[in-house]
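Open the model in your viewer and keep the selection tool at hand.

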Amino acid sequence: MKKITCLLLIQSCFLFAQSKDEQMLKDIYKSALTNAKCYPWLDDLSNKIGSRLSGSDGAAKAVVYTKSQMETMGLDSVYLQEVMVPKWVRGEKETAYMQIGNKKTNLPICALGGSVATSKNGLQAQLIEVYSLEELQTLGDKVKGKIVFFNRPMNPEFIETFKAYGSCVDQRSSGAREAGKLGALGVVVRSMNLRLDNLPHTGATNYGDTPQAQRIPTAAISTNGAELLSKTLKENPATTFFFKQSCETLADVLSYNVVGEIRGSEHPENIMVVGGHLDSWDLGDGSHDDGAGCVQSMEVLNLFKNIGYKPKNTIRAVLFMNEENGLRGGNAYESASNKNRENHILALESDSGGFSPRGFSIDADDANFNRIASWKTLFEPYLIHQFVKGHSGADIGPLKSSKIVKVGLQPDSQRYFDHHHASNDTFDAVNKRELELGAATMAALMYLVDQNGIN
């Protein structure tokens, strides 16, 4: 009889806890869909401030704006965390054309972030087309004096578009460095985009320890431009390519991570971070990458304040600076955390766009992964179903604690790379309801971990 009574008591407690969690998630989603501020916040970031490249006036204005908005929430603390960031400027709009005899055809390009400029008169040379860094190495001296054209597309067979991106982004990040070693004069890279369009997509290139004088200019070409250039080269191998860009890297400047927190009521020493990166590339206004993640992170705190939830652990929203071309903000946050001997138990990042949330990518041991996955039934009414092990986020990547679970919000990614790092990453591309659902999903996970802890 005692065993039966105990079993019934355990079942009763479990059902009560489940019912309580179900109601809390209902409250979170209801508040997000009826009383959220993330969409107007994003409107201000995108349309009143605009692009927020590290070291720019836009980035500085975004720091002031987001700090002021978090100060209106009645949080326990809001502060800035200093970080020195690179300052790369694009300069005049880039120009490019391919030439066969006297015929010139203009092509849409943009300089890759961190690239050096061409000469004031531009650069023109014959092209050599390759599809991988490995193929480049086999060409040896054939590359010398030419412009290397990296034309490996994102693989459309991958359902997970971030996998398609990862399969070819090395040519953008390392192409100029490796081609320069072989004597190439410049590099042009097919944009990281599954769609065929006329928009070049920027992104960081990395010269490594290549001396400044030996660095060669590198640009991205639109996918339509890449298709046309490749077709033309096959028909006319003597085709030359001209491009001109005036970008430059200036001295590092002082910037900030923006931090706001609700202090834990029971375990304030345990910190749960939710964040995104405040900087963006300069072609669009960075609404998806990563204005969305920033305002969603702010909204998590706003939701808890709106529904009157007092977390057991300290919940901290961090808007990281300089994810796009240096990761200085993420590293500075970890350095300060280590110096202050802070104990982080959870870090949740949103940096995959403001599209409809589908689930989470979880960097954790089996016990904690299984704990989070066990909440799947609580999320199913909100169409959240993806609970997989994998990468969480770049800015929370450096974080180290004795025990920490890292999670990345996973929205539907099929349209993300249509906008990623391009001029059409703008406010009109973000759906208000999808953005709010993402914020609610983040808050729901934060609540569940706050209530149940980690192993």
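What follows is a walk through a predicted model, stop by stop.

**Stop one: the cysteines**

Select cysteine 110 and show its side chain. Which cysteine sulfur is closest to the sulfur of cysteine 110? That of cysteine 247, at 10 Å, which is too far for a bond. Cysteine 110 counts as buried, because its relative accessibility is 2%.

Now select cysteine 168. The closest cysteine sulfur to its own is in cysteine 110, 15 Å away, so the gap is again too far for a bond. Is cysteine 168 buried or exposed? Cysteine 168 is buried, at 0% relative accessible area. Across the structure, the disulfide count is zero; a disulfide would need two cysteine sulfur atoms within 2.5 Å.

Turn to the charged side chains. How many salt bridges does a search of the whole structure find? The search gives 18.

Select glutamate 129 and lysine 234. Their side chains form a salt bridge, 3.5 Å from N to O. Glutamate 129 sits in strand S5 (residues 123–130) and lysine 234 in helix H7 (residues 223–235), so this pair ties together parts 105 residues apart in sequence. Glutamate 129 is buried at 16% relative accessible area, whereas lysine 234 is exposed at 56%.

**Stop three: helix H12 to a loop**

Select aspartate 418 and arginine 195. They form a salt bridge, with the closest N and O atoms 3.9 Å apart. Aspartate 418 belongs to helix H12 (residues 416–419), and arginine 195 to the loop between strand S7 (186–190) and strand S8 (218–221), so the pair ties together parts 223 residues apart in sequence. Aspartate 418 is buried, with 13% relative accessible area. Arginine 195 is partly exposed, with 34%.

**Stop four: strand S15 to helix H10**

Select lysine 389 and aspartate 366. The closest N and O atoms of this salt bridge lie 2.4 Å apart. Where do the two partners lie? Lysine 389 is in strand S15 (residues 386–389) and aspartate 366 in helix H10 (residues 366–373), so the pair ties together parts 23 residues apart in sequence. Lysine 389 is partly exposed, at 42% relative accessible area.

**Last stop: a network**

Select Arg90, Glu94 and Asp282 together. Salt bridges with shared partners join these residues into one network.

Methods
Residues numbered from 1 in each chain as written. Predicted model: local features only at pLDDT ≥ 70, side-chain atom pairs only at ≥ 80, totals over all residues. Heavy atoms only, no water. Buried < 20%, exposed > 50% of the residue type's maximum accessible area, 1.4 Å probe, protein only. Salt bridge = Lys/Arg side-chain N within 4 Å of Asp/Glu carboxyl O. Helix = DSSP H or I, 4+ residues; strand = E, 2+ residues; numbered from the N terminus.
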